[in-house]
Structures are given as structure tokens and as C-alpha cells.
Amino acid sequence: MAPIRVRAVGLSKTFRGPDGGPVPVLDGVDAEVGAGEFVAVAGPSGCGKSTLLNLLGLLEPPDRGEVWLGDVCVSQLSRRAQCPVRGRSIGYVFQSFLLISSLTALDNVLLAARYVGRARSEALPAARALMERLGVAHRAGHYPSQLSGGEQQRVAYCRAVLNAPPLVLADEPTGNLDEGHAAVILSELRGLCRDRGASVILVTHRADAAALADRTLSLRAGRLEPRGGGTT
Amino acid sequence: MVGVLRRLLPRNYLFTILGIAVGVAGLVALGAMAERITRFIDGGDRFVLGQISVAGEGMGMGTGFTAGGLLRADRIEQIAHVPGVAAVQAQVMLPLNPTTSQFLTLTQELILGIDPAAPAPNRQLRELPVKRGRFLRTGDRGVVVVGSDFAATRKLAVGQRLELGSGRTFEVVGVLDKTLTAPDRFAIVPLEDARDLWLRRDPLLVQVFAGGSGAMSRRDLNTGAAVSWADGVDPDDLARRIQKSVSGVNVTIPGELSRVLRQSTAFFSALLFGIGVLGLVIGGASLSNTVTAAVFERIRDFGIKRALGATDLQLLREILTEALAVSVSGGAIGVVLALAIGFIVDARVLSDGQQLFLFSPRLLLFALVFSAILGGLAATYATLRIVRLSPAEAIRRGA
């Protein structure tokens, strides 16, 4: 097996419900994903798939458990120390794109470079090349509200991979797309693993998307179950 | 400039800027009204502290200012010899409209007769500022220099003729600039002309002269005198010395008169304080609320940026830059808005000789600095609240 890129150890998360009572979402999740591996996470709505991705991506802290990137326990790092990890080592593709409405498509892509200290002039050719490959270069000067859903997702994808992160987390990236645009994004994610050795964790409801993965992790009632011969 | 602003300011900040502009406009407008009142009170204070006013022993209300008493020439000469006196200027001060409704009110218009050859006695107001035309010259007769309010209410210009009672008309040779105090309502004429006016309107004086009242001459026709003191002399001490050494005179002690004026304007001072506090609270609350709301409205964007690796410091720097750009541009628009409102309102009331607003440079500078500081503080507060949230929580809240 390829070296372990990301490891979750006993991850638990509980949210507070509308009545103030606890709503447990994840309960002691253990998982490992190797370098260059494409892993799908499946499960019914509300089972904690997005929360798992958020914890792995340091977007929120676990109540219990640890997240390791390589041989570093990143969940234990200080808030400040986690920032460069998020910026350089993790790329996110969100279901709702999460583009910044006040920035053009190109500036949204370049935003990823700004916070890791890359000069705009240095990142610009890479950003343009990515947008060209994804077929949105002609929309570089447009604002998100002027783009279609498929274009927005492709711009969001460009932003996620601009810094060539070793780990890409994609939360239902095709949920709002038609078949054609979904295929483009899935093909790109697959290509990241194959061509660059990046690890991709994909949360999806689509069977065709999950079928592209090396293995699928099934999440149910806050715990991972082995599925399709994959390992947890 | 527009390019820089476009880079600094995200889109959709127009309403934030306008919100700040409205708050700052309110602050500046209230501040300008407060400045106007302050200048009025301070101007009066400076005027009375700049000279010792002496009048003949009086006949009741208005002694020394408006023909209430007679200060004869020999008394003026005695005053000039009191040690510490630098100069004495004989004056005739008459109410333009001697009705009780206007008598000694703050808006009273006065005829002031002075001798242009005598040195200006007021140490705080060495020269009255002439806006158009010229001031009185030695040997002038039949001419008048009018204060700014006096001119505005009558739409007077240099070269026009003005009737100052008893059928006598004067040529306007000068219009004073606004001083925001007493001279704005003066009509200043040569001393001899003022004596003529006094004689024409006061039958008692005419009878005194017609009766050949031996020792009386035109030189004795003075309502008072303005006295200036030599350098290093305490004006209050000198005023008491004059009162003691010259009989038959009423001397106002500058320090005491200032205190009396301050007491009589205590209400205005309280009003001024209230307006200032109100302006700061309303303008400040509006501005900080607008900036804070604008930052919180973009909480999702900041969550995304943190997901992309932005540190607390990077976010704070970005938000502060935006907040300062928004606050300062909103502040500048607010200042322009307040100036426009002020000029429109003042243009309307100016015909009544009034001015409601005084936009001093210190007020405008204060408004801009206040906007920047408060905008910065509000943005810092909002940022510190936002960075405490996890990126995912910020994105959820902004969704």
C-alpha cells in the first residue's frame, strides 16, 4: 500500500440541536487514505459525511480524536499553525462552490495563492492554464453571479488545486451539476490521483462517482463500515 | 484614485458607504451647529476681554452701550491719564431701533460712532475684517461701514445709500467679513455723524444744547469710551483704578463681564454639550453599526478565506483596509453631504441675518479621523468575533 497520507483516529463530533440538546454526528471514526488514493465516502443524508470531511480538512475541530497528515498530528496544532496546513496541503471542493461573489473568477482562483505567500505574478500563469484546461478561461473576468453552476464548480475546482495540495477533499462536487459537467470534475479528480499522486476523498451520493473511486467508505450512524472490499 | 478604491473596496459596498455617510453627515451637521454657538459665545467673550468699556454715570438700563449715559470729554481725558492706560477711544453707541422689543437683545442692531484717527482700543480685535470696500478713514463724513449680518438682511453693497434714522442717509463704503459676534450687526459711522444722529433723535439733548448749558460741547457727546491697556497691565486692576480715580463714570471690569456673559450663556453651553454628545452618539453608533454589520454580512467569505489558509492577521489586515477605505470614503461623502445641507439651510436663513452652521477645518478633520478610528475599531471587534469561529462554522453562519 502507498504511504499513509491522511489518518483519522477516533474522530467524534457532537453538535447542539435547536433545543440545545446534543446531536452526535461522528462517533469514533478511524480511517486511513494513502498517497495517490481516490476514496469515496457514501452514506445517507445527515450521517456525518460532510462533518468528517470538515474535520479531516481542519475546517472545524473534533470533540475527540486526531487527524494526521503524514506523520504530523495536525488537529493538535495551534489555530495559527493550522492555517498554512490548510493553505498548502489541503484543497477543498464544496458542493455549493463557495466562490466569493465580490471577486472575479480569476481572482477567486488566485485567492488560494494569496494566503500561502505566493506572488500573484507567479501564480497567474498556473491559474490561467488551469482555467484554460477546465474551459473557463474565457470567463476569467466574470463574477460568480455571471457564471453557470457548472462554470462556478470548475472555477472552484481550479482554486482548490492551484497550490497542488497533496490532499483534496471534495464534498458532493457534482451535486449541483448536470451529467456533462459532473463528468469533467470527476475526471479531473481521478486525474489528480493518477498524475500527481494526490489523495482525494470524495463525498458523494452518485453511484457512478463512487464507482470511479479506489474504494468506498460507508458512513452510517456516525461510524464507518467497510464496503465493496475497501478498508477502513 | 477610482482604481485604488475599486481594488480596496469589494463590490456591493455602496450601501455601507452611504450608511456611514448619513451617520457622519449627522455628526458634522450637529457639530457645525455646536461650532457656531461656540464661536458666538467665544467671540463675545473675546470682545469684552479685549477692552475696558467706560460709560458716563447712567440713567438705567443700557448705560454705556446705548445712550444710557453721557461721558464727557474731560472724563475721557482723565481716564487717559490713569497709569496703565494705553489708549482711549470715545464712542457713541446707539440702538438702530430703540424699541424695547429689541433693546439689549442678542440680535440688537447698533450704530457705532468712532474716531478713525484714534488707535483701535480692542486688544483682541485690532482690526475689523473688511470683506468688500474699505474701513472708515480720518476725515470721513456721511459714510458707513456695515457688519455682515447687517448687510445681508438689507442686501447692502458698497456704493449704496443707507438711512440710519432721522432722515439721514449714509453711503456704504465697506462691508465687514463675518466675525460671528457683535460687529456683525453694527453700522459703523464717523463719531461726528453719530453725534448728529444722537442729537436728532434725542429731544432732551437738543434742549440741553439750546438752553446754552454752559460747559457742554459736542465733544462731550459720548455714550462711552473703549480703553486699552499697556502691555503687562492687568485689565481688571486697571478697570478698578479708573473707577476709583475718575468720578462720574461706570466702568465694566472685563473679567467680571466675561463671567456674567458666561453665566448668561450657560444654557447655550449646556445645549452645545448636549448637541456634541448627541452628534457623537448618533454618528458614532450609526458608523460602527454599519461597519460591524458589513463585516458580519461577509462572514461566509471570511470562512472561505480561512479554509484557504488565511491567518487571523491576514484577515484582520484585509478587513481593516476595507473598513478604513469604506469609513473614510463614507466619511468624506458625509462631510460633503453635511456641507451641502449646511449651505442650503444657511442660504435660506442668511436673509434674516442668521447663520446656523460653522464648518470649521478642525470639525471636518475630526469627522474624518473619527470615522477612520471608529470604523477601524468596529472592524477589529467584528474580526476578533469572526476569527474565534472555525472556518466551517463561519461558512455555515454566512450561508
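Which residue in β2(A) does A:Ala8 stand opposite? Select A:Ala8 together with strand β2 of chain A, and the residue facing A:Ala8 turns out to be A:Ala31. The model is a predicted one, in which local features need pLDDT of at least 70 and side-chain atom pairs count only at pLDDT 80 or more, whereas totals for chains, interfaces and linings use all residues. Residues are numbered from 1 along each chain as its sequence is written, while chains are lettered from A and ligands numbered from 1 in the order in which they are written.

Stay with the sheet. Helices (H or I, at least four residues) and strands (E, at least two) are DSSP runs, numbered from the N terminus. Colour β1 (residues 4–16) and β2 of chain A, which pair in the antiparallel sense over nine bridges; two strands pair if DSSP finds at least two bridges between them. Widening the selection gives an open sheet of four strands in chain A, with antiparallel pairing and the order β2-β1-β4-β5. Its edge strands, each pairing on one side only, are β2 (22–34) and β5 (72–73) of chain A.

Now show both chains. In the interface, 18 residues of chain A are in contact with 18 residues of chain B, a contact being two C-beta atoms, placed from the backbone, within 7 Å. On the chain A side, α2 (79–89) and α3 (105–114) are the elements that give two or more residues, and α2(A) gives the most, with six.

Zoom in on α2(A), where A:Gln82, A:Cys83, A:Val85, A:Arg86, A:Gly87 and A:Ser89 are buried (20 or more other C-beta atoms within 10 Å; exposed means 12 or fewer, and partly exposed lies in between, with C-beta atoms placed from the backbone). The buried residues of this helix pack against β4 (64–69), β6 (90–93) and β7 (167–171) of chain A, together with α10 (299–307) of chain B.

Finally, move to chain B, which has 13 helices and ten strands. Select B:Ser329 in helix α11 (residues 312–349) of chain B; this residue counts as partly exposed because it has 19 C-beta neighbours inside 10 Å.
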